[in-house]
Amino acid sequence: MKKNKKKFKIGLIGYGQWGKKVYRNLLKYKQFNIQIFSKNGKKPAKKISTLSYLIDFDLIYLATTEKINSTYSSYLINENINVISEKPVFMNIDKYKYLKKKKIKTLFKVNYIYAIYNKFIKINKIINKTKIKKIFLFFSSTTKKNKFQTCKQEWLPHIFSLVDYYNLLKIKKCIIRKKLKNYHLKIICKNNTQINCIYGNNFDKKIRYQKIYLHNKKIIKINDNQVIINNSIKKFKRTPLEVLFDETKKILSNKKNFNNDLQKTLIYNKYINQLKL
């Protein structure tokens, strides 16, 4: 006789375009009982009357503004409630520096979705200790919300999480410029590896990819759920959000191996906050 699988109470805060996508993916997991919360409380969402209402949940997913992501994350961390937050979060590193010394006993994960997927498809194993010569990152959106601060908070957390994934977070210099209405960022690492990034929300097409040039002349391109290595293509069935929730389900079930993204988030934000046009 099969044992009944435990159900987990999941709270989703934020039901905009991205929140709806998160909700559709959460619904794929029978172990998740989901309650949606939004600012206006329009069905199927509810309004939150007080933060203390959230302490009965197994996990809270935050898909809102930087201010709400940060305020709620801070509260939930202190209450030992598992949290997954969208970026941006904790951009005001001085305000939240007290969390540096806090011993977190629960899950605090930021959805650095590209770095998470890199780990899933084992890009570092493909690189296999070969020295990286240079990296090119391209992130485009068509929303036209292209102010410097907006794009900075939307794309730079992803970029610095990828720099960290490739073990290149020891940075010598960052140079940012605006060209043709979008943003060009050059990162020069202390080992002289160069990372060139183009990002922004003023493009005609939505395109996101990573291109890694290795010293052995191998070129790795990561585009959505496929990896291209010297023109050889390998596709993966799991989507980035499915990978995130597969891992979350395992962590909640085992009650161990909790991920704490707090320290790395504060480090990324320190670099991000220093960038000015």
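Close-up 1. At 65% relative accessibility, Asn167 counts as exposed, where exposed means over 50% relative accessible area, buried under 20% and partly exposed in between (1.4 Å probe, protein chains only). Asn167 lies in the loop between helix H5 and strand E7 (171-179), and its phi is near 60°, a positive value in a residue other than glycine. Asn80, whose phi is also positive and near 60°, sits in the loop between helix H2 (66-78) and strand E4, and with a relative accessible area of 38% it is partly exposed. Helices (H or I, at least four residues) and strands (E, at least two) are DSSP runs, numbered from the N terminus.

The model is predicted, so that local features need pLDDT of at least 70 and side-chain atom pairs count only at pLDDT 80 or more, while totals for chains, interfaces and linings use all residues. Residues are numbered from 1 along each chain as its sequence is written, and side-chain values use heavy atoms, with hydrogens and water left out.

**Close-up 2. The largest nonpolar core.** This core, a set of buried Ala, Val, Leu, Ile, Met, Phe, Trp, Tyr and Cys residues joined through side-chain atoms within 4.5 Å, has 85 residues, of which Ile159, Tyr166 and Tyr199 touch the most other members. Helix H5 (residues 148-165) gives the most to the core, with 9 residues. Leaving aside residues up to four places away in sequence, Tyr199 touches a list of residues that includes Phe139, Phe148, Trp155, Ile159 and Leu185, a contact being heavy atoms within 4.5 Å.

**Close-up 3. Helices H1 and H6.** The axes of H1 (residues 17-26) and H6 (residues 240-254) come within 10 Å and cross at roughly 55°. H1 and H6 are therefore oblique to each other, since angles under 35 degrees count as roughly parallel, over 145 as roughly antiparallel, 65 to 115 as roughly perpendicular and the rest as oblique. In this contact, Trp18, Lys21, Val22, Asn25 and Leu26 in H1 meet Leu241, Glu242 and Phe245 in H6.

Close-up 4. A cis peptide bond with omega of about 10° joins Lys43 and Pro44, and Pro44 is placed in the loop between strand E2 (32-37) and strand E3 (59-62). Another cis peptide bond, with omega of about 0°, joins Lys87 and Pro88, and Pro88 is found in the loop between strand E4 (82-85) and strand E5 (108-110).

Terms used
Axes fitted to C-alpha atoms, helices over the stretch in contact; angles between N-to-C directions.
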